[in-house]
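The points are grouped by topic and may be followed alongside the display below.

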Amino acid sequence: MRRRWWWLAWRIGGRRVRGCRVLVFDGAGQVLLIRHSYGSARWTLPGGGFARGEEPAACARREVREETGCTLAEAVSLGLAADAAEMGLHEVHLVAGWTAGHPVPDGREIMAAQFFALDRLPQPMAARLAADLPGLVTRAKAARPRPPG
């Protein structure tokens, strides 16, 4: 449904739609995953579309706060998602950061939000995310190896 909406927005507006996905870590290095109240109900990374004029880190902080109530610290841009070129109609930026907060789903768009260790990922997950996640985590930790403070 989200892909269809972004496709329609691009077709009607004639321009790319920009968004972000966010790798959020807790102090133990676990990654935050969410489940939407719509779509496939698979576990995925938080994220969403940019507001007009918004930069990737600002979008990531806003989306994480809106979806989970957590404050994203030490946000680092990791560039475009590997599958962004395949999607063609929009660009997806990857951002990584840390939080000390406990995720609470917004109860509207997000029905579940929880931290997971890489060796204990939940099911169902999109196959591509499950395959890409270890490499994304390595990339994010190389950009910011330790939690702040």
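A residue counts as buried under 20% relative accessible area, as exposed over 50%, and as partly exposed in between. The model is predicted. By this scale Ala41, at 29% relative accessibility, is partly exposed.

**Ala41 and its surroundings**

- Ala41 lies in the loop that runs between strand 2 and strand 3.
- The phi angle of Ala41 is near 65 degrees, a positive value in a residue other than glycine.
- Apart from neighbours within four places in sequence, Ala41 is in contact with Arg35, His36 and Pro124.
- Pro124 belongs to the loop between strand 7 and helix 4, and the peptide bond joining Gln123 to Pro124 is cis, with omega about 0 degrees.
- Ala41 and Ala112 are 71 residues apart along the chain, and their C-alpha atoms are separated by 9.5 Å.

- Glu74 is not a glycine, yet its phi is positive, at about 55 degrees.
- Glu74 is located in strand 5.
- With a relative accessible area of 35%, Glu74 is partly exposed.

**Strands 2 and 7**

- Strand 2 (residues 31-36) pairs with strand 7 in the antiparallel sense, over 6 bridges.
- Within this pairing, Leu32 has Phe115 of strand 7 as its bridge partner.
- Strand 7 covers residues 110-116 and is mostly covered, as 5 of its 7 residues are buried.

**Helix 4**

- Helix 4 comprises 17 residues (127-143). From first to last C-alpha, helix 4 reaches 25 Å, close to the 24 Å expected at 1.5 Å a residue.
- The helix has a kink of about 45 degrees at Leu133, shortly before the proline Pro134.
- The buried residues in helix 4 are Leu129, Leu133, Leu136, Val137 and Ala140.
- An α-helix has 3.6 residues a turn, so residues three or four places apart point the same way.
- The strands against which the buried residues of helix 4 pack are strand 1 (17-25), strand 2, strand 3 (43-44), strand 5 (73-80) and strand 6 (90-98).

**Cysteines**

- How many disulfides does a search of the whole structure find? The search finds 0.
- For Cys20, the closest cysteine sulfur is that of Cys59, at 3.3 Å, which is too far for a bond, because a disulfide requires sulfur atoms within 2.5 Å.
- Cys20 is buried, its relative accessible area being 5%.
- Cys70 is likewise buried, with a relative accessible area of 1%.

**Glu54, a buried residue in a loop**

- Glu54 sits in the loop connecting strand 4 (47-49) with helix 2 (56-68).
- Is Glu54 buried or exposed? Its relative accessible area is 12%, so Glu54 is buried.
- The side chain of Glu54 reaches the backbone nitrogen of Ala51 at 2.8 Å.
- Beyond its neighbours within four places in sequence, Glu54 is in contact with Arg18, Gly49, Cys59 and Arg62.

- Thr99 is placed in the loop between strand 6 and strand 7.
- Thr99 counts as buried, at 6% relative accessibility.
- Which backbone atoms lie within reach of the side chain of Thr99? The backbone oxygen of Thr71 is 2.9 Å from a polar atom of that side chain, and the backbone nitrogen of Gly101 is 3.1 Å from a polar atom of that side chain.
- With neighbours within four places in sequence left aside, Thr99 is in contact with Val24, Phe25, Asp26, Gly27, Cys70, Thr71 and Phe115.

Key
Residues numbered from 1 in each chain as written. Predicted model: local features only at pLDDT ≥ 70, side-chain atom pairs only at ≥ 80, totals over all residues. Heavy atoms only, no water. Buried < 20%, exposed > 50% of the residue type's maximum accessible area, 1.4 Å probe, protein only. Helix = DSSP H or I, 4+ residues; strand = E, 2+ residues; numbered from the N terminus. Pairing = 2+ DSSP bridges. Expected span 1.5 Å × (residues − 1). Bend = angle between axes of the 7 residues up to and from the residue. Contact = heavy atoms within 4.5 Å. Polar contact = N/O pair within 3.5 Å; in protein donor to acceptor, adjacent residues only side chain to side chain.
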